[in-house]
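Please read the following note with the sequence and the model side by side. Its points are numbered so that each may be checked in turn.

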Amino acid sequence: MSGKVFHAPLLHYHQGFQLHGVYERSADNARLDYLGITRYTSLEDMLADEAIELVVVNTPNSSHYEYTKKALQANKHVVVEKPFVATVAQANEINELAFANGKKLAVYHNRRYDSDFLTVKKIIEEKRIGDVVEAEFHFDRFKQEISPKQHKETPGDATGIVYDLGSHIIDQALYLFGMPEAVFADIFIMRPISKVDDYFEILLYYPGKRVRLKGGYQVKHPVPSFIVHGTLGSFLKERADVQEANLQAGLYKGPEGWGAEPASAKGILNTIADGKETLQQVETLTGNYTLFYDKIFEAIRNDAPVPVSAEEGKNVIAIIEAAFKSSNERRVITL
């Protein structure tokens, strides 16, 4: 799904890229959607193709480390899906390899380009609620059944909701507020049918503020996905970005007219300005995943910074490792 929905369409319609081929071991589906591309039945054949400059690793989480390492060793630039890898040690090794080989390496934390998050970011940066003192981000779903994607439901490296949905909002929190001083977490299996964690609450400790991250698969009627309180007011925003649903429907034909939320999903801003209380709806910014690959193009061709660095991807994994340690030992973990 990751390759079909999140990467192939963006690359195919981007003027800076040519979608050259796809590694499919048993199926031959990509060539039905993209005529003329090459199908590789082995990773070695794909990596040996000198026409390829950039490899996108969008495999199950547990294989990110292996495939990213092999692609870098084959002298390719790499975009790797979130979560980056399973451990901080793996992240350090991969990052050092990319640096040694002079290759660009980026982590696909595309939720930085969601319409809802971009709006929250703008409200905070413009200090429309003053200085942030508390924030709560949610990524919830209601799933009573086990996913047919067995790699997501089988215990192992980098499985479970924290690595899956949690990595999105951890990255968003770090992008806004930086690395915290300490972490406290509660992670467990809520549904009897689940074999991997399907609930989490992670508390990030910052000087002067607290950031709480929550996710679960038993949330039928979700609360606002972004709740931010500041010294001058509060901002609440639901998760309403339309890009994933539209990509799944095959609607992407380029960034023009793309990523606009319905007007009904406007955020609520409750503030005190010039001594007056104001309650108003806020227009949502347009989301645009294409910006990620715009920046990848600039990084490869013009040596600009990648949109999400391996170091940033590693920081997400560091929070996840600390969260599991905190939950297991029931204590605050200082970073």
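**Note on the structure**

1. Leu236, Ile268 and Leu279 make a nonpolar surface patch of about 250 Å². A patch is made of residues with over 30% relative accessible area and no salt bridge, where like charges are joined within 9 Å and nonpolar side chains (Val, Leu, Ile, Met, Phe, Trp, Tyr) within 5 Å. A salt bridge is a side-chain nitrogen of Lys or Arg within 4 Å of a carboxyl oxygen of Asp or Glu. Accessible areas come from the Shrake-Rupley method with a 1.4 Å probe, and for residues only the protein chains shown count as cover.

2. This is a predicted model, in which local features need pLDDT of at least 70 and side-chain atom pairs count only at pLDDT 80 or more, while totals for chains, interfaces and linings use all residues. Residues are numbered from 1 along each chain as its sequence is written, and side-chain values use heavy atoms, leaving out hydrogens and water.

3. Leucine 236 belongs to strand 11 (residues 233–237). Helices (H or I, at least four residues) and strands (E, at least two) are DSSP runs, numbered from the N terminus. With a relative accessible area of 31%, leucine 236 is partly exposed; buried means under 20%, exposed over 50%, and partly exposed in between (1.4 Å probe, protein chains only).

4. Is valine 5 buried or exposed? Valine 5, in helix 1 (residues 2–12), has a relative accessible area of 6% and is therefore buried. Leaving aside residues up to four places away in sequence, valine 5 touches Glu244, Leu247 and Gln248, contact meaning heavy atoms within 4.5 Å.

5. An open sheet of three strands has the order 3-4-5, with parallel pairing; two strands pair if DSSP finds at least two bridges between them. Its edge strands, strand 3 (54–57) and strand 5 (105–108), each pair on one side only. Strand 4 (residues 77–81) is joined to strand 5 by four bridges, and valine 80 has valine 107 as its bridge partner in strand 5.

6. Helix 10 (residues 290–302) lies across strand 3, strand 4 and strand 5, and runs at about 175° to strand 5. Axes are lines fitted to C-alpha atoms, for helices over the stretch in contact, and angles run from 0 to 180 degrees between N-to-C directions.

7. Strand 9 (residues 209–216) pairs with strand 6 (residues 132–138) in the parallel sense over five bridges. Strand 8 (residues 199–206) runs antiparallel to strand 9, joined by eight bridges. Strand 8 and strand 9 form a hairpin with two residues between them, and glycine 208 in the turn has a positive phi of about 85°.
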